[in-house]
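Open the model in your viewer and colour it by secondary structure. The stops below say what to select and what to look for.

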Amino acid sequence: MSAHAFAHHPPLRRLPLVTLYVTDRCNSRCVSCDYWRHGRTDMPLASVTRLLPSLAQLQTRVVLLSGGEPLLNPEWAATAQLLRANGLQVWLLTSGLSLAKHARRAAELFDAITVSLDGTDARTYAAIRGLDAFDKVCEGIRAAADHGVPPSIRVTLQRANYRQLPAFVTLAKELGAREVSFLAVDVANTEAFGRTGNFATDLGLRREDLPVFDQLLDRLERDHAENFRCGFIAENPQKLRRILQYFAAVHGQGPYPQVRCNAPEFSAVIGAAGRVQPCFFIAGPPDAQPPTAAESSDVEFSSALNGESMSALRADIRAGMRTECKTCVCSMWRDPHLFDGSAIAAQAAIEASA
């Protein structure tokens, strides 16, 4: 990198949070995601091992295992154990389909677990996730809680389930969850979540749904004031209303919610094949692919993270030049002087869409 480029795009010296897509395979069939259609790659344990010196150099504190469905990687437990042995907190983001089977081991290895649950009954769950697995996922949430790690439940609100908004809070309580969080289904970014050109963007609320959703938000704030106050509902009422504003903007009824985000300044995502990207929603540049498995981890990860093209991409994001950012459904902001891996990971796990 030239001195001129370096001056304009300084390298990241700290990276408190790293998300590893340990596989891009998935056993769900979600209508909002296409990983299940074409995912084939698992991140091998050897690749994670090669990352360790860079993670130490970058003072990484928390690693999120995501995907795809991370529990499909046959080395998921060994990966979590390796990261923990090197002083890292390890968090799991999962569909929960096999959580009941692995609950005891997962509770031993993960500091926190987040489960995606997009329906409060079997019919709604199947319509969105593509499988008749509602009871199995609920069983997994209960099992993890029974083993001492109550999961967070993350709900992606869309036309098929938004009317169940209050019921999600009740269900989360019944399952023994630690908290419940909501975000809007992303209908603006046609390339996120492994989407192909056939992605259907009609998953969001329709115009006639907006006043109904508005009333549901009023009801939730009125009837669940204590759950807001104690943080069981992760977002405050004002932040939940940003979801209404987002769907209204999709229909041209006002602007999208203002986005304030600096996630690429304190975190990065590493894909199953090793490609580095600045966040969940923006692909990394073509040269953000580690050179070869034989080279050192500093070359593999740090050079991709702080290469000229990736640094320029972060600068474009910082300057508000990326259109994806303007319609983002889960932006994150942290004071650069107060970066804390655990707090950042908590928000990422709550907000990131599977």
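**Before selecting anything.** This is a predicted model, in which local features need pLDDT of at least 70, side-chain atom pairs count only at pLDDT 80 or more, and totals for chains, interfaces and linings use all residues. Residues are numbered from 1 along each chain as its sequence is written, and side-chain values use heavy atoms, with hydrogens and water left out.

**Whole chain.** The protein has 15 helices and 8 strands; helices (H or I, at least four residues) and strands (E, at least two) are DSSP runs, numbered from the N terminus. Of its 354 residues, 56% are buried. Buried means under 20% relative accessible area, exposed over 50% and partly exposed in between, with a 1.4 Å probe and protein chains only. Of the contacts (heavy atoms within 4.5 Å) between residues at least 6 apart in sequence, 72% join residues at least 24 apart.

**The cores.** Select Leu-20, Leu-83, Phe-110, Phe-182 and Phe-301, the residues with the most contacts inside the largest nonpolar core, which has 91 residues. Such a core is a set of buried Ala, Val, Leu, Ile, Met, Phe, Trp, Tyr and Cys residues joined through side-chain atoms within 4.5 Å. A second, separate core has 6 residues, including Leu-17, Val-62, Leu-64 and Leu-93. Now centre on Phe-110: beyond four places in sequence, its contacts are Leu-65, Trp-76, Ala-80, Arg-84, Val-90, Trp-91, Leu-92 and Val-149.

**Helices α4 and α5.** Select residues 76–85 (α4) and 99–109 (α5), whose axes are 10 Å apart at an angle of about 20°. Axes are lines fitted to C-alpha atoms, for helices over the stretch in contact, and angles run from 0 to 180 degrees between N-to-C directions. The two helices are therefore roughly parallel; angles under 35 degrees count as roughly parallel, over 145 as roughly antiparallel, 65 to 115 as roughly perpendicular and the rest as oblique. On the α4 side, show Trp-76, Ala-77, Ala-80, Gln-81 and Arg-84; on the α5 side, His-102, Arg-105, Ala-106, Glu-108 and Leu-109.

**Helices α9 and α11.** Here the angle is about 175° and the axes are again 10 Å apart, so α9 and α11 are roughly antiparallel. From α9, Leu-210, Phe-213, Asp-214, Leu-217, Asp-218, Leu-220 and Glu-221 meet Pro-237, Leu-240, Arg-241, Ile-243, Leu-244, Phe-247 and Ala-248 of α11.

**Tyr-246.** Stay in α11 (residues 237–250) and pick Tyr-246. Is Tyr-246 buried or exposed? Its relative accessible area is 3%, so Tyr-246 is buried. Leaving out residues up to four places away, Tyr-246 touches Ala-184, Val-185, Asp-186, Val-187, Ala-188, Tyr-256, Pro-257, Thr-327 and Val-329. Draw a C-alpha to C-alpha distance to Thr-327: 7.9 Å in space, across 81 residues of sequence.

**Helix α8.** Select residues 165–175; the buried ones are Leu-165, Pro-166, Phe-168, Val-169, Leu-171, Ala-172 and Leu-175. Which elements do the buried residues of α8 pack against? They are α7 (134–146), β5 (152–157), β6 (179–184), α9 (210–223) and α10 (225–229). After α8 comes Gly-176, with a positive phi near 80°.

**Helix α13.** Finish at residues 308–318, where Met-310, Ser-311, Leu-313, Arg-314, Ala-315 and Ile-317 are buried. Just after α13, Gly-320 has a positive phi of about 75°.
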